[in-house]
Amino acid sequence: MSRSVLVVDDEPGMRETLVDILTSAGYIVTPAEDGAAALEKARAQPYDVIIMDIRMPAMTGVEVLASLEHPPPQVVLMTGYAVDEQLRSARENNAFAIMQKPFQVSYLLRIVAEAVRGAA
Amino acid sequence: MRGVRLPTVAVVATLVAATGGSSWLAHRANHLEEQRLLSERASEVALILTSDFAGLQTQIATVAAETALNGADPVAFRSASSALTPASGGFTATTALARVSGPAGTVRYLATTGSFNEAPAAALAALMRRTVQAGPSAATSIVIGEGSSRVLGLAHSVGVGGLVVYEQLPLDLEAAASATTTSAPFHELNVALYGEPTQNQDALILSTNEPPPTGNDVATATAPFGVDTWLVATKATTSLTGSLAADSYWLILAGGALFTLVLGFLVETLLRRRDYAVALVAERTVELQDSVRELEQAQEKLVQATRLAAIGQLASAIGHELRNPLGVITNAHYLLRASVARPDGGPDALRHLNTAEREVGAATLIVSDLLDYARARAPVTGPVDVADLIDEVQSVMPAPPEVTITREDLAGLPSVFADRDQLRQVLLNLLSNAYEAMPEGGVVTITTDATTAGRVRIAVADTGMGMDDEVRAQIFEPFFTQKARGIGLGLSVTKRIVETHHGTIAIVSTPGGGTTFTVELPATGSEEVT
């Protein structure tokens, strides 16, 4: 059975390609362009996995993670270059994984699959 | 210990020479004055003697004249002679009238007023003959006798018949000696009287001191008596110029020595102090130079560290910004591969290619920004129509749908002297900043104006989120950014371009109240344009 994934990234290119990749891999994917939209969508509907960029305007991925009212089982964070403080905060908030951009798509799919299994 | 310094030696030597010279001159001057005074005194003594002789001569001449008038009458002679006695000063004069006759010059008394022998002594006879031979009314003198019985004999020729008037006065040696007591005139002198015009000791008549004056410091003066000339020789027994004048050269010497000592000491002290100060300054200078060197090394290290930190900051910023497009391109490649494997995957493949191409563009822009920052280009200037350039920038970077642009252009705005490409980059940066400040939409107002100082003002105002003081203070710093995307070089590059155009850029912003960037550039033809 397919699982729901929320993809959060302010960068349209990244957001759209991730949606395409995960959709073709059989997930039900919902895009969100920033932290506020992500929180709204997560509040409206539970997701199995959230894949989220750390560096976003107004609200960082780590801040969104800390603000989730009903945190889904797994949140995968992405970053180009994360400072130590953000990484520590992400771990404290039980992020499932932190992926360094650019990453291999196969690696992404494996992480998402593991996260989904963990959520099951 | 170091020796006495050369300037001190010079000062002391000069002063010693000056003191010695002054002392010698004073001594010499005093000596000359002493000589002059002594000479004067000798003349005075001789003058007094001459005066006394003249008195005696006048008296004896009077007797001689009366004797001649009375035909050498012995009674008349005695009568005339009586006027001579007693002489002043208690002398008792003894007189005689004698005749010198015959070829042998026989002398015979005609009349006497004292105890004379029958015939005059040989010395007296010789005197009388000499007087007659010397001519009518000639006068001569002689001192005869020994010790306390010494007498002064004066002879005067009557002028007729070989007659001679003779007078003899005792020589008061005690009175002569009393002349040396301090109350007497000439007490400071050793005076000797000679019966000849030379200091022949055989002719010495009397002297106030024993021995009579001899040597270099003797002044002489002559005192004539009739056909004879006597000599007065004087020598000072004490200083004639006074003891102070006499000792002045010693005083000068002592004072000079003292002054030399004090000044030498003073000069030496000052020199030593100066040397100490110079040494101290040299020491401090070396310390200061060391400090400066250390400081320079520290600064160099700091600059090196700062440079490394800047490189690190730059590398991380670039790395982060490039990883995003690389990540998208990686994803696009994955999707592209899947699309081309499908028979109907053409449209999807094209879409993914477009995505990849867009991301390559984004990466290229980042690299361009970086190069713009790293390699500042000198502006190639020319007149630029600002309104025209703003039109172009607006067409290159149209406003997002939710943003409105309004223009307030001054009619007849002068052109600016600028590098058109660089000024376009400035305007693009300001405009894109304005758009990004208003994600929810708003109004961008672009105003152009001319200042009274001959400058063109371009203001770009947004109605966006604005910024606080802390952010505003750092807004032109390289690598400072509040955006999720971008390496934070845009405004830094903008500021630098404006400044290389001799312009200024200012910012007014309040949180929630929007931001206005104002650029001022020299107008074409203004004096500022170089």
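Two residues are in contact if their C-beta atoms, placed from the backbone, lie within 7 Å. In chain B, residues 24 or more positions apart make up 65% of the contacts with a separation of 6 or more. This is a predicted model, in which local features need pLDDT of at least 70 and side-chain atom pairs count only at pLDDT 80 or more, while totals for chains, interfaces and linings use all residues. Residues are numbered from 1 along each chain as its sequence is written, and chains are lettered from A and ligands numbered from 1 in the order in which they are written.

**View 1. Chain B as a whole.** Of the 530 residues of chain B, 29% are buried, that is, with 20 or more other C-beta atoms within 10 Å of their own C-beta atom.

**View 2. An open sheet of five strands in chain B.** Its order is β2-β1-β5-β4-β3, with antiparallel pairing; two strands pair if DSSP finds at least two bridges between them. At the edges are β2 and β3 (139-144) of chain B, each pairing on one side only. On average, neighbouring strands are turned by 25 degrees against each other, direction ignored. Look inside the sheet for β1(B) and β5 (residues 163-170) of chain B, which pair in the antiparallel sense over six bridges. Here B:Arg99 stands opposite B:Leu163 in β5(B).

**View 3. Two helices on the sheet.** α1(B) lies across β1, β3, β4 (151-157) and β5 of chain B, and runs at about 145 degrees to β5(B). α2(B) packs on the sheet too, touching β1 and β2 of chain B, and its direction makes about 70 degrees with that of β2(B). Axes are lines fitted to C-alpha atoms, for helices over the stretch in contact, and angles run from 0 to 180 degrees between N-to-C directions.

**View 4. The buried residues of α2(B).** In this helix (residues 74-82), B:Phe77, B:Ala80 and B:Ser81 are buried. They sit on the same side of α2(B) because they cover an arc of only 100 degrees around the axis. Their cover includes α1 (6-69), β1 (94-101) and β2 (106-112) of chain B.

**View 5. Where chain A meets chain B.** Here 19 residues of chain A are in contact with 19 residues of chain B. Helix α1 (residues 12-24) of chain A gives the largest share of chain A's side, eight residues.

Notes: Buried ≥ 20, exposed ≤ 12 C-beta atoms within 10 Å, placed from the backbone. Helix = DSSP H or I, 4+ residues; strand = E, 2+ residues; numbered from the N terminus. Arc of directions from axis to C-beta.
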